[in-house]
Amino acid sequence: MGKLAAIYRKELQHYFQSIIAYVMIGSFLALSGYFFFSIFRYYNYLSYQYASYLANQAGRGPYPGGNLNLIEGVMRPLTGNLSVVLLFVLPLLTMRLLAEEKKQGTFELLLTYPLSDLAAVIGKYLAALTVFAVMIGGTLLYPAMLAIFANPEPGPIITSYLGLFLMGSSFIAIGIFFSSLTSSQIVAGAATLGVSLFFLVIGWAAPFAGPTLSNVIAQFSLFDHYDSFSKGIINLPDVTYYVFLTAFFLFMTLRSLESSHWRS
Amino acid sequence: MIQAENLTKRYGATIGVTNLDFRVEKGEVLGFLGPNGAGKTTTMKMLTCYLPPTAGTAKVCGFDILDQSMEVRERIGYLPERNPLYGDMTVRGYLDFVAQVKGVKPAARRGEVDRAIERCGLEQVPRRTIGKLSKGFQQRVGIAQATLNDPEILILDEPTLGLDPKQIIEIRQLIRDLGGEKTVILSSHILPEVSQVCNRVIIINRGELVAADTPENLRSRLTTSSVVRVALRDEGDALARAEGVIAKIDGVIAVREKPRERGMGALRVECAPESDLRVEIARSLVAAGLPLLELYREELSLEEIFLQLVTEEVS
């Protein structure tokens, strides 16, 4: 346990003592701020429309724009956008985890210490997860601002952050796996991005795949599983999906490290 | 302390090392000597449990490098060839990290790191960033991390590579000092270095163990001895008998058996300086009725190997 904690602290220190964490968290927060601003601006515009509609057309049937609601109108589009941004940002965070050490040769030394592969991988994984948590933690500012000026439902906000966190942890597991396969950070990052993107778009094939296959394909999509979280539902199959995906790629990372002993 | 038996590593079709047999006793400073690509690093990587051997095995402090790798790793301090370090950490921060990963108890950690810093002469630089230190100091940091948690064995791969002459002298002194309390294996392709620092030398060339002896003995033998290779059909106790017969010939210094292959057994006969015993050997083998197949003077002799080695550095 102490050894795992040592790896964790070292990685975290690397992120925060260099400029990496600040640049990544900073750009992520800047982007998310922009999204929040534009989505909220649009929502604002719709509410004015609604108000004037009520004033002019009072009592002549329902408003055609649908029901205005902060969760549907702001939080869902916001977290939906953030999940796509994460898809691009997290590979940059994870690509160095093992690839950098392999390149510098420090990994060889690490493997000759009395340290299990599991402790090394989990320590590194948790460090990346922490940076990621800080990253999305920063965006909690936006729902907090909403809560000051209006009354958003807290439930769906909490579940959509839980969903984001689970989705991000799968991206990070995919990232550490590809980082274990190569000593080139670029290759690791690009492969992670490719695979994650594939998980994003695979759902699009579902409608054309025939009745049985389409069901299977839809189940693979990283983003379809996020949908229920953003609506305020914690659905066991969705949670299981992310947890399984994370565990699977962490397991594959361990296997890949083991095989690198034999192949090198 | 270390016992290697038939240690073999193949990379696909390429041979890393074949059939290495050697022992290292407690407190010894052993040098692996050989040209680049001879298999020194491969051997060290196997002893540190980084590479599993293709065949054969080794025991470190009685623990098998394959089956009891954690026990072995706890007893070994390793300095890899290029001395990989985390350049963005401070000396103390790095050593503290390594101590934690090696499982030093929190209460003992500070003292352990202090000791390593003192032992390796890093007192002036504990707060400096490793990446900004001179190569000599970086090498000391590398050795310091190897000595953390008081391992019984230190394995140092080319510890003086790329240093300037003054730094080389300092690092050699440091290794000699460590040799008093620990068993040290170091590799080098420089003969003078090995003869200054080591009690015993193993010479490896093209993955094979060529010689193992003290530097003094080696040197006297190297400058003068000549080697004859004898091949016999591998039937019954022919090889053992041949060994006995050859050993009795005047001027033969040592007879060593080589790995057998395809029904053929080979002997390597080391003869007295500048002598040619081929005729005598052939006669006595035939007289003893032994199935002699080949007999020739060794082409790549120790001298030649050593010439390659010695000419690398004229210091």
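**Entry 1: B:D88**

I began with the contacts of B:D88, leaving aside its neighbours within four places in sequence, and found A:H14, A:Q17, A:S18, B:T129 and B:G131. I counted two residues as in contact if their C-beta atoms, placed from the backbone, lie within 7 Å. I noted that the model is predicted, that local features need pLDDT of at least 70 and side-chain atom pairs count only at pLDDT 80 or more, while totals for chains, interfaces and linings use all residues. Residues are numbered from 1 along each chain as its sequence is written, and chains are lettered from A and ligands numbered from 1 in the order in which they are written.

I placed B:D88 in the loop between β6 (76-79) and α3 of chain B. Helices (H or I, at least four residues) and strands (E, at least two) are DSSP runs, numbered from the N terminus. B:D88 counts as partly exposed because it has 15 C-beta neighbours inside 10 Å. The cut-offs are 20 or more other C-beta atoms within 10 Å for buried, 12 or fewer for exposed, and partly exposed in between, with C-beta atoms placed from the backbone. I also looked up B:R241, which lies 153 residues from B:D88 along the chain; their C-alpha atoms are separated by 63 Å.

**Entry 2: where the chains touch**

I found 20 residues of chain B and 21 residues of chain A in the contact. On the side of chain B, the elements giving two or more residues are α2 (69-74) and α3 (91-101). By class, that side of chain B has twelve nonpolar, three polar and five charged residues. Here Ala, Val, Leu, Ile, Met, Phe, Trp, Tyr, Cys and Pro count as nonpolar, Asp, Glu, Lys and Arg as charged, and the others, Gly among them, as polar.

**Entry 3: strand β3 of chain B**

I looked up β3 (residues 29-33) of chain B and found five of its five residues buried. In a regular strand the side chains alternate between the two faces of the sheet. Both faces of β3(B) are covered, with B:V29, B:G31 and B:L33 buried on one side and B:L30 and B:F32 on the other.

I then took its partners, where two strands pair if DSSP finds at least two bridges between them. Five bridges join β3(B) in parallel to β8 (residues 183-188) of chain B, and B:L30 stands opposite B:I185 there. Four bridges join β3(B), again in parallel, to β9 (residues 200-205) of chain B, where B:I203 is opposite B:L33.

**Entry 4: positive phi in chain B**

I noted a positive phi of about 45° at B:N19, which is not a glycine. B:N19 is found in strand β2 (residues 14-24) of chain B and is partly exposed, with 16 other C-beta atoms within 10 Å. For B:N149, also not a glycine, phi is near 65°. B:N149 is in the loop between α5 (135-147) and β7 (153-156) of chain B, and is buried, with 22 other C-beta atoms within 10 Å.

**Entry 5: chain A**

I recorded twelve helices and zero strands in chain A. Its C-alpha atoms fill a box of roughly 75 × 50 × 30 Å along the principal axes. Of its 264 residues, 38% count as buried.

I checked pLDDT, the predictor's confidence in each residue, from 0 to 100. The mean for chain A is 89, and 95% of its residues reach 70 or more. Among its elements, α10 (residues 211-220) has the lowest mean pLDDT (83) and α6 (residues 117-138) the highest (96).
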